[in-house]
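The following paragraphs lead the reader through the structure shown here.

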Amino acid sequence: MRFPAAVVRSFVVTLVAAFFLVGEGRAQVYEGQTLVEAELLADVSAVVPGQPFQVGLRLQMAPGWHTYWKYAGDAGLPTRIDWSLPEGFEASDIVWPLPLGILEAGDIQVYAYKDEVLLLTTITPPADLSVNGDPINLAAAASWLVCEEICIPGSAQLGLSLPVAAASEPANTEIFETFTARVPSSEPPSWPLEWRREGGNWVGVANPGTGIKKLDFFPLPAEGQLAGHPVVAPEGDTFRITISADGPLAGVLAVTDADGERGWTVSTGDAAPAVTAFVGGSASPTVFVALLYGLLGGLILNLMPCVLPVISLKIFGFVRQAAESPRRILMHGLAFSSGIFVWFLGLGAVVAVLRARGQEATWAFQFQDPVFNLVIATIVFVFALNMFGVFEITLPGKATGSMSDLGAKEGYGGSFFQGMFATLLATPCTGPFLGIALGFAFTQPPLVIMAMFASVALGMALPYLVLSARPGWMKHLPKPGPWMERLKQFMGFPLLATLLWLLYIVAQQTSVETMIWSAAFLLGIGLACWIYGTFCGYSQSKRTQTIALAGITASVVMGVFFLQTAFAKKSEDGIAWVDFSQASVSALLAEGKPVFIDFTADWCITCKYNEKTALDRPAVAAMIREKGIVPVKADWTSADPEITAALKEFGRVGVPFYVLYPAGRAGEPVTFPEFITEQMVLDAFAKAG
């Protein structure tokens with residue numbers, strides 16, 4: 001989350017004169033606890049005319065509390081220093097040491113400092129400064145946001161007096177050396193680092209060498225540029241950095257080894273659409289080695305969680321086939337493997353065409369489309385219903401059979417389809433060797449791309465080819481019997497797990513509300529499948545089948561309506577919030593209306609978590625309408641004296657804070673703790689009307 005510069009600036013400047021100044025302005029105290037101690041330190045004993053020196057703002061935080069880096073992340077505000085210097089002096093921007101990446105409750109990612117930090121500024125005195133023994137006074141208004149379960153703005157007026165001399169000695173050496181060592185270098189790292197575009201993502205491949213315990217990437221996005229947070233994954237001796245951004249990206253790369261942590265400021269710059277990845281510090285693999293990697297990677301794909309549900313269907317089919325002739329078993333295995341090859345080669349052809357046209361293409365580019373993911377989720381859902389026995393596919397001219405039978409007696413087409421479907425689910429998965437092989441393939445000519453995809457297909461199909469060619473090995477499988485129906489039903493659950501994964505992807509690409517409406521669409525499809533399975537069998541009369549067809553049509557139409565709602569433009573909030581003002585709240589209370597006030601801010605982590613889990617809920621919105629409660633939002637993102645005064649009336653100096661005035665009882669406000677739950681809110685609202 002980013003904040004307009006004007007808003008942040010006005011917020012911080014206003015805080016300089018706010019209510020959080022204690023003593024000489026060096027300590028921030030809340031409920032008897034010192035949260036932050038602030039002071040200015042210099043790295044010299046005296047000011048020498050014309051010679052730059054460093055001054056650091058030292059912030060010491062109470063255990064469990066943190067302040068923020070120059071890019072705060074999903075919530076928070078960076079520390080600010082406004083200097084008041086003698087005439088002729090100049091101050092640089094803040095030099096920020098490496099931060100910590102902290103994942104807060106609610107999957108809120110922030111970049112912050114804990115315990116202690118020294119924010120460095122270079123001060124340059126004028127060359128004609130008189131050496132007359134008079135001290136020089138440096139003043140700064142510092143402001144910060146400190147957070148734990150609540151977030152509290154803090155500020156301090158700080159000063160530093162130094163004599164002017166012809167020479168000076170180092171001062172505060174230890175702390176300056178500690179934090180100077182944590183300042184990212186502006187020089188590029190000495191080890192390989194390459195960036196490439198993959199769809200809407202930047203992908204960096206870093207090879208910092210051996211002995212690296214950890215690698216982090218802290219983004220520095222432009223306004224509105226960042227669409228997510230980086231994911232860093234080790235791949236052998238290299239690290240793969242993936243981050244969604246819609247333009248060039250800068251950031252800080254940090255590695256941790258036995259000597260500590262070091263960082264570099266890096267940028268994607270004008271990186272080419274695709275570059276060669278480094279493997280083990282050497283150039284990209286040869287074609288032969290890459291083909292071998294593809295074969296091994298395809299083999300390992302069979303063990304990936306996203307493939308296992310469909311693979312289990314094929315194993316189920318092998319059990320059913322165990323009593324058949326070896327030739328039929330071999331033909332089913334070949335049909336299944338053909339489906340794998342057709343999908344992989346088709347995907348390779350699409351990638352080759354897109355690459356030839358200069359467009360971006362990645363391993364799982366089709367899964368970047370939420371509509372595509374919903375289509376696959378629907379297929380998986382229908383498969384699961386079939387496994388549970390909700391309906392069966394009726395094949396014209398033949399006996400009724402289920403989807404699980406398609407890979408067995410009912411035809412080779414079923415095995416072919418299962419092979420394609422298993423491969424479709426495999427494409428978002430990568431495993432050992434596969435990432436290297438595909439990274440190589442995406443930089444090569446079309447013929448090599450096709451060869452690489454064929455190699456992966458062969459690796460994935462190999463176990464089934466071997467098992468179908470040696471059917472004697474299937475004698476170790478249990479004999480067919482009533483247990484198979486239970487097994488078929490059990491295998492519906494892995495398919496439901498796959499469905500949850502696909503719906504999660506849809507939610508990440510769109511919104512939770514879209515995902516919920518998509519689930520409602522699946523409800524309509526499920527009802528249609530049940531009607532089909534119950535009333536459309538050969539034993540049913542024509543009249544019953546006609547009525548059932550009308551029910552199926554109505555269910556599908558209902559599902560499509562829900563689907564249209566899922567992808568329609570949504571209002572931002574289901575609750576009609578009223579902006580806070582003391583006059584409007586007083587007027588509402590005088591009328592005897594129940595009023596709920598949410599004291600919140602965009603930079604407050606706990607506020608965002610409570611909004612997602614407790615307030616922005618359909619049941620809460622319905623209760624507000626039912627009880628006639630007036631919801632008031634006191635947005636403290638930018639400093640507001642009225643909101644500050646209202647908080648002080650309740651003895652609070654930070655957000656979140658929630659207060660409910662029941663109807664006709666303005667003198668009996670109900671307050672809530674910092675962390676709230678949906679049920680807690682509903683219980684309180686039920687008594688407010």
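**An enclosed strand and its surroundings**

Strand β16 (residues 238-244) is largely enclosed by the rest of the structure, because 5 of its 7 residues are buried. Here buried means under 20% relative accessible area, exposed means over 50%, and partly exposed lies in between, with a 1.4 Å probe and protein chains only. Helices (H or I, at least four residues) and strands (E, at least two) are DSSP runs numbered from the N terminus. The model is a predicted one, in which local features need pLDDT of at least 70 and side-chain atom pairs count only at pLDDT 80 or more, while totals for chains, interfaces and linings use all residues. Residues are numbered from 1 along each chain as its sequence is written, and side-chain values use heavy atoms, with hydrogens and water left out.

Two strands pair if DSSP finds at least two bridges between them. Strand β13 (residues 201-206) pairs with β16 in the antiparallel sense over 6 bridges, and valine 205 stands opposite arginine 240 of β16. Strand β15 (residues 231-235) is also paired with β16 in the antiparallel sense, over 5 bridges; proline 234 has phenylalanine 239 in β16 as its bridge partner. The hairpin of β15 and β16 has 2 residues between the strands, and glycine 236 there takes a positive phi near 70 degrees.

Helix α2 (residues 173-180) has Ile175, Phe176 and Phe179 as its buried residues. Seen down the axis of α2, these fall within an arc of 100 degrees, so they line one face of the helix; the arc is that of the directions from the helix axis to the C-beta atoms. The face turned away from the buried side of α2 carries the exposed residues Glu174 and Glu177. The buried residues of α2 pack against β2 (33-42), β3 (53-61) and β9 (116-124), where contact means heavy atoms within 4.5 Å.

A nonpolar core is a set of buried Ala, Val, Leu, Ile, Met, Phe, Trp, Tyr and Cys residues joined through side-chain atoms within 4.5 Å. The largest has 51 residues, and Val55 and Leu57 have the most contacts inside it. Apart from it lies another core of 34 residues, including Ala72, Ile102, Cys604 and Ile605.

The chain averages a pLDDT of 77, and 75% of the residues score at least 70, pLDDT being the predictor's confidence in each residue, from 0 to 100. Over residues 358-365 the pLDDT is below 50, and this stretch has 31 contacts in the model beyond near neighbours in sequence.
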